[in-house]
Amino acid sequence: MATKISFILNGDKISYEIKDHWTLSYLLREEMGLIGTKEGCGNGECGACTVIVDKLAVNSCLYLAIDIDDKIVETIEGLASTDGTLHPLQQSFVDNGGIQCGFCSPGMIMSSKALLDENPDADREEIKHALAGNICRCTGYIQIFESVEAAKELAVEDKGGKNG
Ligand code: FES
Ligand code: FES
């Protein structure tokens with residue numbers, strides 16, 4: 001069955017006809033071409049598919065697309081400014097060795113963004129807790145935690161990106 005839904009995606013108002021069984025990751029990646037959101041396990045275990053829905057980090061591989069109707073969705077594609085300036089979290093991951101192959105990075109960054117939007121002064125334990133569902137197969141987690149901590153400082157100076 002098909003249903004027309006409306007939502008805000010990275011600041012833009014979208015109407016889209018979806019199949020009721022589609023997941024949000026399928027809608028984003030396969031239908032809309034937003035392949036920045038990764039799909040690893042496909043069953044809620046790795047966090048690679050993390051996006052933000054109404055300020056909460058969610059696993060888009062488990063989240064039904066129909067459930068974003070009337071909601072606000074943020075993906076990694078919405079973070080950089082239109083002039084290409086990276087969001088403080090993106091810049092910080094680059095600067096602090098938080099990225100190696102990069103497969104987990106969109107999910108790590110979106111989980112971190114949800115945390116810092118809610119708690120801009122999150123400490124190491126709160127960062128660890130927020131990233132507990134995000135698995136990285138190659139970077140040491142320490143560099144990832146340090147990247148999030150350093151981003152807190154950058155964010156004070158730079159509110160880049162459509163999503164702030
Ligand atoms: S792909 Fe969604 S949690 Fe792994
Ligand atoms: S940087 Fe490769 S999986 Fe995290």
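Two residues are taken to be in contact if their C-beta atoms, placed from the backbone, lie within 7 Å. The structure is a predicted model, in which local features need pLDDT of at least 70 and side-chain atom pairs count only at pLDDT 80 or more, whereas totals for chains, interfaces and linings use all residues. Residues are numbered from 1 along each chain as its sequence is written, and chains are lettered from A and ligands numbered from 1 in the order in which they are written.

The mean pLDDT (the predictor's confidence in each residue, from 0 to 100) of the protein chain is 94, and 94% of its residues reach 70 or more. Over residues 160-164, however, the pLDDT is below 50, although this stretch has 19 contacts in the model beyond near neighbours in sequence. Where pLDDT is low, the predicted coordinates should not be read in detail.

Helices (H or I, at least four residues) and strands (E, at least two) are DSSP runs numbered from the N terminus, and two strands are said to pair if DSSP finds at least two bridges between them. Five strands form an open sheet of mixed pairing in the order β2-β1-β5-β3-β4, with β2 (12-19) and β4 (56-59) as the edge strands, each of which pairs on one side only. The twist from one strand to the next averages 40°, where axes are lines fitted to C-alpha atoms, for helices over the stretch in contact, and angles run from 0 to 180 degrees between N-to-C directions. Strand β3 (residues 50-53) runs antiparallel to β4 and is joined to β4 by four bridges, with isoleucine 52 standing opposite alanine 57 in β4. Across β3 and β4 lies helix α3 (residues 105-118), which runs at about 30° to β3.

Leaving aside neighbours within four places in sequence, the contacts of valine 51 include Leu24, Val58, Val73 and Met110.

In α1, Leu24, Ser25, Leu27, Leu28 and Arg29 are buried, a residue being buried if 20 or more other C-beta atoms lie within 10 Å of its own, exposed if 12 or fewer, and partly exposed in between. The elements covering these buried residues include β2 and β3. Just after α1, glycine 33 takes a positive phi of about 75°.
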